[in-house]
Amino acid sequence: MEGGGKLAYSGGGLRHETKLLRSFSSVEPRRFGLGLIVGLLVVACAYFSTAKFDAVNIAMSKHQTSSSAVGISSPVNADDSSKQPLDLGVQDEGALPKEEIKAEKDDGSGISDSGVLDASAAPLNPATEGGKDEVPEKDDDPSAVAVLPPLSSDSADTTQESGVLEDQELQVQNAVAEAANPPESSNGISSSANGSSPSVIPFPSDPAEIHALAPAPAIQAPADRIPEVETPPPPTPEIQAAPVQLTPPSPEVRQADLEAPPLPDWKPLCDVTSNHRIDWCELDGDVRVLGTNSTVTLVAPPGADARTFREESWRIKPYPRKADPNAMRNVREVTVRSVSGAAATPACTVRHDVPALVFSDRGYTGNYFHAYTDVVLPLFLTARQYSGEVLLLVADFQMWWLGKFLPVFKSLSNYEMVDLDADPRVHCFRRVQVGLTSHDDFSIDPTRSPTGESMLDFAAFLRAAYGLPRDVAWPASAGAANATAGKKTRPRLLVIARGRNRRFVNVEEIARGARKVGFDVSVSEGGHEVAPFAELANSCDAVVGVHGAGLTNMVFLPRGAVVIQVVPLGPMEFVASYFRGPSRDMGLRYLEYRIAPEESTLLDKYPREHPVIADPGSIKAKDWVSFMGVYLFEQDVRLDMKRFRPVLKKALSRLRAKPKNN
């Protein structure tokens, strides 16, 4: 057996040895030395690569975890975890090739399911990104904190041979780990997934203990297994924003903001019941005024229904004497209506951004008193709230009359008045009022005024409209004049001398008696123009006159002046009230003198037993025409100066007294 074996071996081996010797003999010594060095380098690299993988295999097999988050499968048998090799999805259970170790590093997680940093998950070198060749990391590089020493769980000799290298690597790794992640407690590492707090990773065959590296702040593990390691705050807060928010977001527009506000409930266009003096209408929206046919039309807004809009038609005379047929006879009627379609009314010719007031200047406006109480004062009440931003549309336009009060109209409106009857254009507004606000004859109720105006405000407005200088009466207004002239001034009395009826028959005697009491006296009847008489009235401190329109000029008196109304014979109580209350409301002092029958010229026409003298009430009971015909148009006044002188003295004392309401 032995010899046959040799023959068989030697026969075949002789030829091989001969070839081997020839091959070696043909190799140059220089090339042989280079090949030997290359071979040693290959063996060394293979050794270190195998040692690194053994350390990873030992660490992962020691701690049983599920590695689904980092792409590594869990061991099949949990009880034999110390001996079971890692299941990396390869056929061979031996050491992994270098290429698969690189693929494992590229996963980017580096944390096992137990919360311990994977030793093989070293950060990638930037030079290897983008498909470039891998550059081996240096052992002394601080970034390579995940590289473990070449340990093997199967041989203790290997550990002894590389002990010096291991000690150096462990010192570098521990120093880097402690600098990057200072320990929270004496254990060095926070608790793992099972609640324990291991500070080292034990190896069965290695007597040394290697500290596990804390996870870097940028590495994130599953939410339920994130190590509770306190990391230093970042230098700047991280701003997370969706790509769509790179530009400033536009404000959110809600559907409710796009919708128009709901329309209010419908109310009748006109009010013909609440005021005993005037009917008026208020229209808001698309309002169209056509003066040539005296129509004011409200067009239904879009979306209007039976709750918010109705078709109506009214006929209104915009003058505050609706209970007096004589006054309303010549006032033009205005049709106020509402229609559902814009096609039912002419298209707009002129559009206005300000509201409009429609009123008439007819009726009794030829009378000076009625001009104020029926038009001027109601217009002040209605238009004052707009501070000039209102258009006046005048029906029954009378330029001769409007010219008398032009300063008033210019003070109430910044625009030229419109002759409604002669204007063929269609004026369109957002708000129109037909008819003016009116409370009573020559009176204002501040509680019902749109902006709380009173008669005191009305008088101040007229003084300003006509540019009158005096706001207060004597002696307050005379203080500066006295100091300048060096002499005493006297209060001034205006005696209103009427021209046709209710005249003062003895006006010269009245003037002499007033001068004896202490007044400077002026006598005037007035004229067509308002402004000159307004200036005269404002220069006086007291006025005396028989009941009539002339007393209306008291609106130009300064505050604190005295008004003396001489009431003629007859049942004149109710007409006397036209000046009694308003004078007090304007801050004036009111005195009233009722004449005796002997002071009336009616006694020259009727015997004392006649009902006109003995029973004036019976004349009034007949009708208004009989009353006016006798007591207002037929009598004049002859004042008894002995009887009237005490009234003049009282007026002087009132002026000297300190005003109570001023």
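**Figure 1. Helices around the largest pocket of this predicted model.** Four helices each supply at least two residues of the pocket lining: helix 8, helix 14 (530–538), helix 15 (573–585) and helix 18 (624–632). The space inside the largest pocket is about 1300 Å³. Its lining counts 38 residues. Closest to the pocket centre are Asn367, Phe369, His370, Arg502 and Ala549. What classes of residue make up the lining? It has 16 nonpolar, 13 polar and nine charged residues.

**Figure 2. Arg502, a residue of the pocket lining.** Arg502 belongs to the group of lining residues closest to the centre of the largest pocket. It sits in the loop between strand 13 (492–496) and helix 13 (507–517). Is Arg502 buried or exposed? Its relative accessible area is 9%, so Arg502 counts as buried. Its backbone deserves a look too. Phi of Arg502 is positive, about 50 degrees, although the residue is not a glycine. Most residues other than glycine have a negative phi.

**Figure 3. Ser387, another positive phi.** Ser387 is not a glycine either, and its phi is near 55 degrees. The residue lies in the loop between helix 8 and strand 10 (391–395). Why does Ser387 count as exposed? The reason is its relative accessibility of 63%, because exposed means over 50%.

Figure 4. The bond from Trp474 to Pro475 is cis. Its omega is near 5 degrees. Most peptide bonds are trans. Where is Pro475? Look in the loop between helix 11 (455–465) and helix 12 (479–485).

**Figure 5. The largest nonpolar core, and another apart from it.** The largest core holds 60 residues. Tyr372, Leu379, Phe405, Phe442, Phe458, Leu462 and Phe556 have the most contacts inside it. Which helix gives the largest share of this core? Helix 8 (residues 368–383) does, with 11 residues. Another core, of 43 residues, lies apart from the largest one. Among its residues are Val544, Val562, Leu602 and Leu648. In soluble globular proteins, nonpolar side chains tend to be buried together.

**Figure 6. Val630 and its contacts.** Val630 is part of helix 18. Its relative accessible area is 11%, so Val630 is buried. Which residues does Val630 touch, leaving out those up to four places away in sequence? They are Leu602, Val612, Ile619 and Gln635. Leu602 also belongs to the core of 43 residues. Val630 and Ile619 are 11 residues apart along the chain, and their C-alpha atoms are separated by 8.5 Å.

**Figure 7. Arg362 in its loop.** Arg362 is found between strand 9 (356–360) and helix 8, in a loop. With a relative accessible area of 30%, Arg362 is partly exposed. Leaving out residues up to four places away in sequence, Arg362 touches Tyr319, Asn330, Val331, Asp396 and Gln398. How many residues separate Arg362 and Arg329 along the chain? They are 33 residues apart, with 9.3 Å between their C-alpha atoms.

**Figure 8. The whole chain, for context.** The protein chain has 19 helices and 17 strands. Of its 662 residues, 42% are buried. Among contacts with a separation of 6 or more, 73% join residues 24 or more positions apart. The accessible surface comes to about 36500 Å², and 54% of that belongs to carbon and sulfur atoms.

Methods
Residues are numbered from 1 along each chain as its sequence is written. This is a predicted model: local features need pLDDT of at least 70, side-chain atom pairs count only at pLDDT 80 or more; totals for chains, interfaces and linings use all residues. Side-chain values use heavy atoms; hydrogens and water are left out. A nonpolar core is a set of buried Ala, Val, Leu, Ile, Met, Phe, Trp, Tyr and Cys residues joined through side-chain atoms within 4.5 Å. Buried means under 20% relative accessible area, exposed over 50%, partly exposed in between (1.4 Å probe, protein chains only). On a 1 Å grid over the protein atoms alone, a cavity is a set of points where a 1.4 Å probe fits but cannot get out, and a pocket is an open set with protein on both sides within 12 Å along at least five of seven lines; lining residues have an atom within 4 Å of a point. Grid points are joined across faces, edges and corners, and a volume is the space filled by probe spheres set on the points. Ala, Val, Leu, Ile, Met, Phe, Trp, Tyr, Cys and Pro count as nonpolar, Asp, Glu, Lys and Arg as charged, and the others, Gly among them, as polar. Contact means heavy atoms within 4.5 Å. Accessible areas come from the Shrake-Rupley method with a 1.4 Å probe; for residues, only the protein chains shown count as cover.
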